[in-house]
Amino acid sequence: GWGALELSHDACSWVMHRSDTSAVIDSLLVAARSVAALPQRPPAGRPASQAPPAEDDCDGTILLGPSGKNDCPVGMLPVDEVDCRLLPERRPSLRLRDPFRLESRLSPRGCVELDGELHWNSHAFGRPLEDRRPVCKTTC
């Protein structure tokens, strides 16, 4: 026979035998559906009438990271290549470098600003350089 199979979840434990498997699984599925159907409580500090912001509501503020770094500061994410290409439309003080796309281990990876010009370094690692800044966005 199968002997016993132990399933654990936090402080709860069940021991099932072969003949009990279907009944226990059915009970667990019913319980999981019941929990999923419960209304979600808003996070602390937010009125119950105020729904959480949708991802589309995030302004995605774009900031230049610190010079000489290969990564964005904590709490920020690097912009992707599409956002990097579109950034001059939002920030007219920036322009795209020609060529825009390069692969260099000598420059930071991703979207990089140098003297008001943006380029995309597709190198997997890149490296920090004193005069280059990663282009980052706030997270929501």
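## Ser-122 and the model

Ser-122 has its place in strand 7, where strands are DSSP runs of E with at least two residues and helices are runs of H or I with at least four, both numbered from the N terminus. This is a predicted model, in which local features need pLDDT of at least 70 and side-chain atom pairs count only at pLDDT 80 or more, while totals for chains, interfaces and linings use all residues. Residues are numbered from 1 along each chain as its sequence is written, and side-chain values use heavy atoms, with hydrogens and water left out.

With a relative accessible area of 28%, Ser-122 is partly exposed, because that term covers values between buried (under 20%) and exposed (over 50%), computed with a 1.4 Å probe on protein chains only. Leaving aside neighbours within four places in sequence, Ser-122 is in contact (heavy atoms within 4.5 Å) with Arg-101, Leu-102 and Glu-103. The C-alpha atoms of Ser-122 and Arg-109 are separated by 6.2 Å, although these residues are 13 apart along the chain.

## The chain as a whole

The protein chain holds two helices and eight strands, and along the sequence they follow the pattern β-β-α-β-β-α-β-β-β-β. Of its 140 residues, 26% are buried. Among contacts with a separation of 6 or more, 44% are made by residues 24 or more positions apart.

## The largest nonpolar core

A nonpolar core is a set of buried Ala, Val, Leu, Ile, Met, Phe, Trp, Tyr and Cys residues joined through side-chain atoms within 4.5 Å. The largest one has ten residues: Ile-62, Val-79, Cys-84, Leu-87, Leu-94, Phe-100, Cys-111, Leu-118, Trp-120 and Val-135. Helix 2 and strand 7 (117-126) each supply at least two residues of this core. In soluble globular proteins, nonpolar side chains tend to be buried together.

Trp-120, a member of this core, touches residues that include Val-79, Cys-84, Phe-100 and Cys-111, and Glu-81 is also among the residues it touches. Glu-81 lies in helix 2 (residues 81-90), and its side chain makes a polar contact with the side chain of Arg-101 at 3.0 Å; such a contact is a pair of N or O atoms within 3.5 Å, where within protein one must be able to donate a hydrogen and the other to accept it, and residues adjacent in sequence count only if both atoms are side-chain atoms.

## Pro-134 in strand 8

Pro-134 is found in strand 8 (residues 133-138) and counts as buried, at 4% relative accessibility. Pro-134 and Val-112 are 22 residues apart in sequence, yet their C-alpha atoms are 4.7 Å apart in space.
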